[in-house]
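Hi,

Here is the structure I promised to pass on.

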Amino acid sequence: MRVAVLSDIHANLVALDAVIAAIPSVDEVWQLGDIVGYGPEPDGVVARLREIGALGVRGNHDAAALGGPEIEYFNVDARRAMEWTRALINDETRAWLRALPEVLVRDGVTLVHGSPRDPIWEYVTSQPVARAGIAAMETPIGLHGHTHQPVAYLEDDGRIDTMSPGDGSTLAVSGRRALLNPGSVGQPRDGIPTASWMLLDTGSGTATWHRTAYDVAGVQAAMAARNLPERLVARLAYGL
Ligand code: ZN
């Protein structure tokens with residue numbers, strides 16, 4: 001099965017539409033949570049994901065948007081954006097987000113937002129955490145987001161190899177245990193402002209990372225018009 005894997009879209013509909021336009025013919029689109037929060041168009045992003053039949057899981061921002069206590073752990077900017085999101089989103093958006101599971105196993109692949117052992121909150125940012133996550137998976141391949149950075153952790157005889165894939169990087173994961181992060185569509189944090197996503201071929205076991213340019217200035221203007229926090233507006237241009 002050929003799948004486009006998207007994560008951390010964060011209510012950035014312009015970035016999502018640019019990515020959708022760049023996706024070649026695929027069987028399914030999977031998303032790894034944090035669909036809303038930070039960005040200006042939460043309802044628009046959820047409507048688009050429903051329209052294309054995307055399957056996936058919920059993230060900490062999606063849980064917070066539904067009124068969950070996750071908001072207590074947010075920094076001041078994230079909290080302000082989340083309060084704005086909560087007040088804005090419509091009932092269809094709420095119902096769709098509420099129906100998302102924390103973990104989804106599909107075609108032999110585990111999908112989570114944070115990590116396999118703590119799907120909502122844990123950040124996989126080190127080899128020990130990646131090793132524990134890989135050990136916690138019932139499938140050889142796992143997909144996660146949350147850090148907004150494209151990365152691959154591959155287990156090799158108990159050792160963990162780490163890769164930072166760039167645009168066009170392809171990795172053969174067949175026969176190995178691996179945890180893969182497609183990066184963020186709506187708010188990349190690896191110093192590159194273009195939307196990050198991944199193509200996964202579950203049959204051949206290959207993953208390819210992609211970057212797609214979008215109208216960053218247009219999204220920044222939309223955020224400013226909605227009075228969203230300045231630091232969240234600024235960071236889109238730096239990809240940090
Ligand atoms: Zn996120």
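This is a predicted model: local features need pLDDT of at least 70, side-chain atom pairs count only at pLDDT 80 or more; totals for chains, interfaces and linings use all residues.

**The zinc site**

The zinc ion has four protein donors: Asp 8 and Asp 34 through OD, and His 10 and His 148 through NE2. They lie 2.1 to 2.3 Å from the metal. Along the chain, the donor residues follow the spacing D-x1-H-x23-D-x113-H. Asp 8 sits in the loop between β1 (2-6) and α1, while Asp 34 sits in the loop between β2 and α2, so this pair ties together parts that are 26 residues apart in sequence. As for geometry, the angles subtended by the 4 donor atoms run from 83 to 177°, which makes the arrangement irregular. For four donors to count as tetrahedral, all angles would have to lie between 85 and 135 degrees.

**Two helices side by side**

Next, look at α1 (residues 13-22) and α2 (residues 42-51). Their axes come within 9 Å and cross at roughly 25°. The cut-off for roughly parallel is under 35 degrees, and the two helices are therefore roughly parallel to each other. On the α1 side, the contact is made by Leu 13, Leu 16, Asp 17 and Ile 20. Gly 44, Val 45, Arg 48 and Leu 49 make it from α2. By type, the contact residues are 5 nonpolar, 1 polar and 2 charged.

**The six-stranded sheet**

There is an open sheet of 6 strands with mixed pairing, in the order β3-β2-β1-β11-β12-β9. At its edges stand β3 (55-56) and β9 (170-172), each with a single partner strand, so one side of each is left without a neighbour in the sheet. Strand β2 (residues 28-31) runs parallel to β3, and 2 bridges join them.

**β7 and its partners**

Strand β7 (residues 151-156) pairs with β8 (residues 159-163) in the antiparallel sense over 5 bridges. Here Leu 154 stands opposite Asp 161 in β8. The hairpin of β7 and β8 has 2 residues between the strands, and Asp 157 takes a positive phi near 55° in it. β7 is also joined to strand β10 (residues 177-181), again antiparallel, by 5 bridges. In that pairing, Glu 155 stands opposite Arg 177 in β10.

Cheers

How values were computed:
Residues are numbered from 1 along each chain as its sequence is written. Side-chain values use heavy atoms; hydrogens and water are left out. Two strands pair if DSSP finds at least two bridges between them. Helices (H or I, at least four residues) and strands (E, at least two) are DSSP runs, numbered from the N terminus. Axes are lines fitted to C-alpha atoms, for helices over the stretch in contact, and angles run from 0 to 180 degrees between N-to-C directions. Angles under 35 degrees count as roughly parallel, over 145 as roughly antiparallel, 65 to 115 as roughly perpendicular and the rest as oblique. Contact means heavy atoms within 4.5 Å. Ala, Val, Leu, Ile, Met, Phe, Trp, Tyr, Cys and Pro count as nonpolar, Asp, Glu, Lys and Arg as charged, and the others, Gly among them, as polar. Donors are N, O and S atoms within 2.8 Å of the metal (3.2 Å for Na, K and Ca); water is not among the atoms, so sites may look incomplete. Four donors count as tetrahedral if all angles lie between 85 and 135 degrees; four count as square planar and six as octahedral if opposite donors are over 155 degrees apart and all others between 65 and 115; anything else is irregular.
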